[in-house]
Amino acid sequence: MAERFFSGTSTAAPPFDDAGIILLSGPPCCGKTSLLFQFAINRAAESGRHVVFICSKGRLENSPPFLSQGVEPSLSVLQRIQIKYIEDDEGIRKYFAAFHLLDDFPAAVIVDDFTGFFSESCNRSCQLRYGNTRARDLALVRILALCQNAISHANAKLGTIGSCNLLLSDVHQGDNPRSLFIYKRWIGSIYTIQGDGLGSYLLKNISTPQSGTKEARAAKYSIALQYLVLEEIKE
């Protein structure tokens with residue numbers, strides 16, 4: 001599955017156990033948005049359906065994604081990627097609360113910097129809303145539960161037609177996401193990114209109780225000359 005974040009490495013449909021929620025977590029400035037965008041291109045190309053890319057307008061304008069080598073901005077598949085600007089956790093909640101009303105479910109919904117929508121101002125409003133000092137975590141759990149219900153509903157409706165993925169990204173310092181104990185409850189596949197100290201990064205899957213497996217393959221990549229470059233797939 002790690003190959004799915006890069007260009008020209010896979011053409012098969014996602015495995016069934018990844019047809020739920022996927023998390024991509026890594027340190028700042030490691031190319032997460034670029035990986036998400038390439039995933040969106042791959043899903044749109046292989047499925048023939050549209051993909052929704054949710055992000056903050058300001059963050060996307062300040063740090064636009066880099067395309068993989070060989071992927072041209074004029075590529076027709078890019079027209080099937082729908083950018084949706086949302087600025088806070090309430091916007092995320094409203095989108096997924098109405099997800100079941102869609103006439104045509106996307107092949108994937110991608111949320112760039114998911115926890116970035118739960119800002120300090122959100123934390124204060126969450127404390128007022130929930131009356132709890134850990135209100136941010138509670139808000140995170142409730143929205144993840146809503147997301148899981150929305151994606152499960154979409155996949156049940158799609159049946160044999162296809163699947164709908166939800167891919168989230170998160171920023172973390174250290175080895176693992178800050179909210180890993182929460183993510184493990186709701187997310188089937190968790191990918192982490194670590195720098196190798198030489199300018200490249202290693203993307204790998206870590207096991208979760210939901211999936212019960214650990215993917216052995218990992219991808220080594222770099223951001224060079226404003227391109228996302230896959231260097232090797234490691235066992």
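Where is the place of Ser 200? In this predicted model, Ser 200 belongs to the loop that lies between strand E6 (189-195) and strand E7 (201-206). Its relative accessibility is 8%, and Ser 200 therefore counts as buried, the limit for that term being under 20%. The side chain of Ser 200 is joined to the side chain of Glu 231 by a polar contact of 3.0 Å. Leaving aside residues up to four places away in sequence, Ser 200 touches Gln 194, Gly 195, Lys 220, Tyr 221 and Ser 222, as well as Glu 231.

The description now turns to a pair of helices. Two packed helices are described by the angle between their axes and by the distance between those axes. For helix H3 (residues 89-97) and helix H5 (residues 135-158), the axes come within 9 Å and cross at roughly 25°. Angles under 35 degrees count as roughly parallel, and H3 and H5 are therefore roughly parallel to each other. Their crossing is left-handed. On the side of H3, the contact is made by Asp 89, Ile 92, Arg 93, Phe 96 and Ala 97; on the side of H5, Ile 143, Leu 146, Cys 147 and Ala 150 take part. Of the residues in this contact of H3 with H5, seven are nonpolar, two are charged and none is polar.

Notes:
Residues are numbered from 1 along each chain as its sequence is written. This is a predicted model: local features need pLDDT of at least 70, side-chain atom pairs count only at pLDDT 80 or more; totals for chains, interfaces and linings use all residues. Side-chain values use heavy atoms; hydrogens and water are left out. Axes are lines fitted to C-alpha atoms, for helices over the stretch in contact, and angles run from 0 to 180 degrees between N-to-C directions. Helices (H or I, at least four residues) and strands (E, at least two) are DSSP runs, numbered from the N terminus. Angles under 35 degrees count as roughly parallel, over 145 as roughly antiparallel, 65 to 115 as roughly perpendicular and the rest as oblique. A crossing is left-handed if the near helix is turned anticlockwise from the far one by less than a right angle, and right-handed if clockwise. Contact means heavy atoms within 4.5 Å. Ala, Val, Leu, Ile, Met, Phe, Trp, Tyr, Cys and Pro count as nonpolar, Asp, Glu, Lys and Arg as charged, and the others, Gly among them, as polar. Buried means under 20% relative accessible area, exposed over 50%, partly exposed in between (1.4 Å probe, protein chains only). A polar contact is a pair of N or O atoms within 3.5 Å; within protein, one must be able to donate a hydrogen and the other to accept it, and residues adjacent in sequence count only if both atoms are side-chain atoms.
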